[in-house]
Amino acid sequence: MLSYQHIYHAGNLADVHKHGLLAWILAYMIRKDKPLSYIETHAGRALYDLDDPSALKTGEAAQGIDKVAAWFPTDHPYAAVLSQTRAAHGARSYPGSPQIAAQMLRPGDAIHLAELHPQEHATLDFAMSAFAAKCHLMDGFELAHSLCPPTPRRGMLLIDPSYEIKNDYAEIPRHIAQITRAWNVGVICLWYPILKSQAHRPMLHTLQARHPQALRHEVHFPPARPGHGMTGSGFFVVNPPYGLDTEAQRLSERFATLAR
C-alpha cells in the first residue's frame, strides 16, 4: 500500500463516480444546521495536477473528467467544487475527496483524514493547511475505530482503499460491521473497483447480507487503455441519505452513454 499514489489515476471515471456521489451526499448533509464529522481512511494527497507526468502517463483523466465534466450542471456540488478548485489552483487541478470535503464543509464540522504514505501525507497536510482538518499519519481503519462514534456524532465515513493489500476484500466487511455497531447513525461509504477478476463479489455478498438496507451502486465503462483491468466502479452506502438513489440513477444514465 505504501507504493500506491493516486496521481496516476486522478480524475478517472471511477473518481467521477465516487466524487460525484460524495459531493451530493455532503451537500445533502450540510443542508441541516447541525455540525457533522467527516472521516476518511485512505486520503491521498487531496489535490492533483492533471498535467503531472504521472497523470499523463496513464491517460486516465483524459478518459474521465476531461471527457465527461459536462455531465454535471454548474449548480451540481461536484461541478461547483471542481470550478472553485481550478479558480484557486489552476485549470488542470483536480480535487480529491479530502479537498471536496474541506471546501464544502463548514466551521464547526470536524474533518479527520488518514494517510499512511509519508510523502502523500506530507502533501495532504500542506493541501489541508488552509482548512480545519486533522491529517493523521496512520492506518485508516485504526483511525476509524479509534474515532467512532465521533464528535459530532452526525456525519460520514469514506473508505477508499487502493486494494493493493489483497486481504482488504476479506477484512472490509468486518471493519464496517464493527464501525456500524459503534456508530449506528453514521453514513458509511465504501468505494470499490470492478475488475475483470471480479475480486469484489465475495466482499459485496457479505456486505449485502449484513446491511440489507444499504445502497449498492455500480457503473461500468470501457478500460482506460488496452489491458487495463478496471471496467467499472462501485459505491456501497450504509444509511444512505434520502434521494441518493435518484442521484445514483442519474449517474447510471450518463455512464450508460459510454461505448464499451
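The structure is a predicted model, in which local features require pLDDT of at least 70 and side-chain atom pairs count only at pLDDT 80 or more, whereas totals for chains, interfaces and linings use all residues. Residues are numbered from 1 along each chain as its sequence is written, and side-chain values use heavy atoms, with hydrogens and water left out.

His-175 belongs to helix 8, which spans residues 168–182. Helices (H or I, at least four residues) and strands (E, at least two) are DSSP runs, numbered from the N terminus. The relative accessibility of His-175 is 10%, so the residue counts as buried; buried means under 20% relative accessible area, exposed over 50%, and partly exposed in between, with a 1.4 Å probe and protein chains only. Apart from residues up to four places away in sequence, His-175 touches Phe-141 and His-145, where contact means heavy atoms within 4.5 Å. With His-145 there is also a polar contact of 2.8 Å between the side chains. A polar contact is a pair of N or O atoms within 3.5 Å; within protein, one must be able to donate a hydrogen and the other to accept it, and residues adjacent in sequence count only if both atoms are side-chain atoms. The C-alpha atom of His-175 lies 18 Å from that of Leu-116, a residue 59 positions away along the chain.

Asn-12 is located in the segment before helix 1 (13–29). Because its relative accessibility is 5%, Asn-12 is classed as buried. Its contacts, leaving aside neighbours within four places in sequence, are Glu-60, Ala-61, Gly-64 and Met-230. The side chain of Glu-60 also makes a polar contact of 2.8 Å with the side chain of Asn-12.

**The β-α-β unit**

A right-handed β-α-β unit is made by strand 4, helix 6 (residues 118–127) and strand 5. A crossover is right-handed if, with the strands pointing away from the viewer, the path from the first strand over the helix to the second runs clockwise. Strand 4 (residues 110–114) and strand 5 (residues 133–136) run parallel and are joined by four bridges; two strands pair if DSSP finds at least two bridges between them. In this pairing, His-112 has Lys-134 of strand 5 as its bridge partner.

**Salt bridges**

Side chains of opposite charge can pair when their charged atoms come close. A salt bridge is a side-chain nitrogen of Lys or Arg within 4 Å of a carboxyl oxygen of Asp or Glu, and the count by this rule is 11.

Arg-254 is partly exposed at 27% relative accessibility, as is Glu-253 at 44%. Elsewhere, salt bridges that share partners join Asp-15, Lys-18 and Asp-160 into one network.

Arg-174 and Glu-171 both lie in helix 8, three residues apart, or about one turn of the helix. Arg-174 is partly exposed, with 36% relative accessibility, and Glu-171 is partly exposed, with 28%. Arg-216 has a relative accessible area of 30% and is therefore partly exposed; Glu-218, with 23%, is also partly exposed.
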